[in-house]
Every structure is written in C-alpha cells, then in structure tokens.
Amino acid sequence: MSSHLIIGILGKSIMLPCSLNSSAPVVPASLTLYWTARLKHQKEDQVVHALYNGKENNDPQFPFYRNRTQIFKDQLSSGNFSLLLKDLRVEDDLTTFFLFYHQEDGNYNTLNQNKEMCLTTVKVAKSYHKPIVTVNYEEWKAECTSQGGYPKPRLTWTNQNGLLDPEVPQIVQDPGSGTMNISSTVNITENQTVTCAIFNPTLKETLNTTRSTGEEQVGLSSGIKAGIGVVAVAVIGSALVFVCWKSESCNCYLSSQLSFMSQRNLLNEYDDIKQLSLCHSREHATEWCRYTGDGPTTT
C-alpha cells in the first residue's frame, strides 16, 4: 500500500499512479476494481471509475467524474492500475483517491483483495498573472491587482525599509473557472519604492512588481509644466494679436519679442517664432503684413 500527495494544474490532466506488487498473476477477465474519491463536500465516498470482471462499468460512477477518467486496460495484466483524471477542477482540490480491487481464480476463489490501495491526495493549483501596480497621486495610494490563480494567494507590500501595512486584500472567486482575483491598496509617500508580491502556497511561486513613486511624480510634474507652458504661449500670443488687430495703422508688427519664451524653455517648439504681425487699415477690412526688415509690407 502506498500514499501520494501530487499537485495538478487547473484544467489539465493528472495521473494517479497505482501498481500492484503481487506474485500472483493478474487476470483482467476476473479482475474487479473501483477507483473511489473522498470529496471535501461529500459525506460518502464516490465511485470515480469501475471495472467489473475485466469490463468497464461506469453506471455507478459519480456524475462529477463523467468523461473525465481513464484506466489503461492493456496494462492491467502487468499490475498497472493507474487512473488518468482529466480536466482538473477546483472541486478536485484536496480530494483523496484510493483503489479497491478484487482478484479471483477460475473457481471464484479470492486471490488478491485490497480495500484501500494507492491512496493519493490531489492539490489543484494555477499560476497567477504578474501583479499590476498603479499609483493614485491624488490620494497617495498604490493598488496591486492579480488574476486567474488558485488557490488563495498571500499578498505582501514592501518598500526600501521593509514590510508595509496594507488595507485588507479583496479576493473574489470567478464563478465559472473557480480562479481567484485579488486586489490590495496601501498608503504611499513621495520618493518611495514599493513592491507588491503574490505568493502561491501550492506551487511555491512568487510573482512581484516594483514601482518608484519618485520617478513617476517627476514625469507627472514635467507634463504639468509643459502643459502650462503651452497654455501660456497660446494666451500671450492671442493677446498680442488682438492688440495688434486693434491698431489704427498698417505699420504694426511684432519683431522678435517672443524669443524670451524660448529662452525660458517654456516651449521648445516656439524657438523658430521670430515675427508676427496683423494689421487693420482704414481702407481695408483686414490685411496681413509681413515684416521684411525694411518695414512692413502688405500682401
């Protein structure tokens, strides 16, 4: 009699190994065996796969295992009673399987019998996706999310000084696949490097993601300053054009007065702005003027 603890991946197949060590020959035609399961949420043991006098008979099979099991009939004579369990589900997690078998001779005398052979406990698992960390600078919080794993993970936050104290993680189980989705939030400060780690206790697997709040804040500040620069240039330019349009003379023009903007690095795209003029004359409604160096010229 042997005992096994094996790990299977959700949605995949797993082999429940079982080999008979006996000097008596195995005659499949007189062999009866039942693979049986002790499910977490069932009071009684359930039949997983049955063979009676060498013929498969799954009438007593528990519906949960329908079309999910297979034995290797061509290897029974060599004592291989292993069972292939297909399409692992979260309900299979922590289920204990065992084999009952009975062997008779030609006179119906019992040759071999075992009521609990090849005990195997299955643990089901699936890897989580790499965690995603987002930062909310308005509330100074970081959020970590990960999906699609099993079983429930352990989530930890750390920074350069050690462990952080996050809010209680939110774990939601997908009703279809049975996998887990997890999210967690922690308070942060400026110039802080935070790491979110997701640990799968069955697979002994850790996935982590690190974010630096300092670098992101610098990028955010630069973006804000650039935006302010664009708005400032637009407002100043509009004001000057309006003043020029109100002029009574066609001799209005703006020389290189706007160059101070590029000197202050408000907006590099305006380095090439040298001259702009808009004039309004008494004889014409609106005219455009170009500054040529010798004075304004109308076109």
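**Reading two antiparallel sheets**

Tutor: Strand β10 (residues 132–136) and strand β11 (residues 141–149) run antiparallel and are joined by five bridges. This comes from a predicted model.

Student: Which residue in β11 is the bridge partner of Val-133?

Tutor: The partner of Val-133 is Cys-144 in β11.

Student: What should I look at in the hairpin of β10 and β11?

Tutor: Look at the residues between the strands and their phi values. Four residues lie between β10 and β11, and in this hairpin Trp-140 has a positive phi near 55°.

Student: Which strand does β11 join through seven bridges?

Tutor: That strand is β15 (residues 180–187), which runs antiparallel to β11. Lys-141, for instance, has Asn-187 in β15 as its bridge partner.

Student: What is the strand order of the open sheet that holds β10?

Tutor: Read across the sheet, the order of its four strands is β10-β11-β15-β14, with antiparallel pairing. At the edges stand β10 and β14 (170–173), each pairing on one side only. From one strand to the next, the twist averages 15°.

Student: In what order do the strands of the sheet with β12 and β16 stand?

Tutor: This open sheet also has four strands, in the order β13-β12-β16-β17, and the pairing is antiparallel.

Student: How many bridges pair β12 with β16?

Tutor: Five bridges pair β12 (residues 154–159) with β16 (residues 193–200), in the antiparallel sense.

Student: Which residue in β16 stands opposite Thr-156?

Tutor: Ala-197 of β16 stands opposite Thr-156.

Key:
Residues numbered from 1 in each chain as written. Predicted model: local features only at pLDDT ≥ 70, side-chain atom pairs only at ≥ 80, totals over all residues. Heavy atoms only, no water. Pairing = 2+ DSSP bridges. Axes fitted to C-alpha atoms, helices over the stretch in contact; angles between N-to-C directions.
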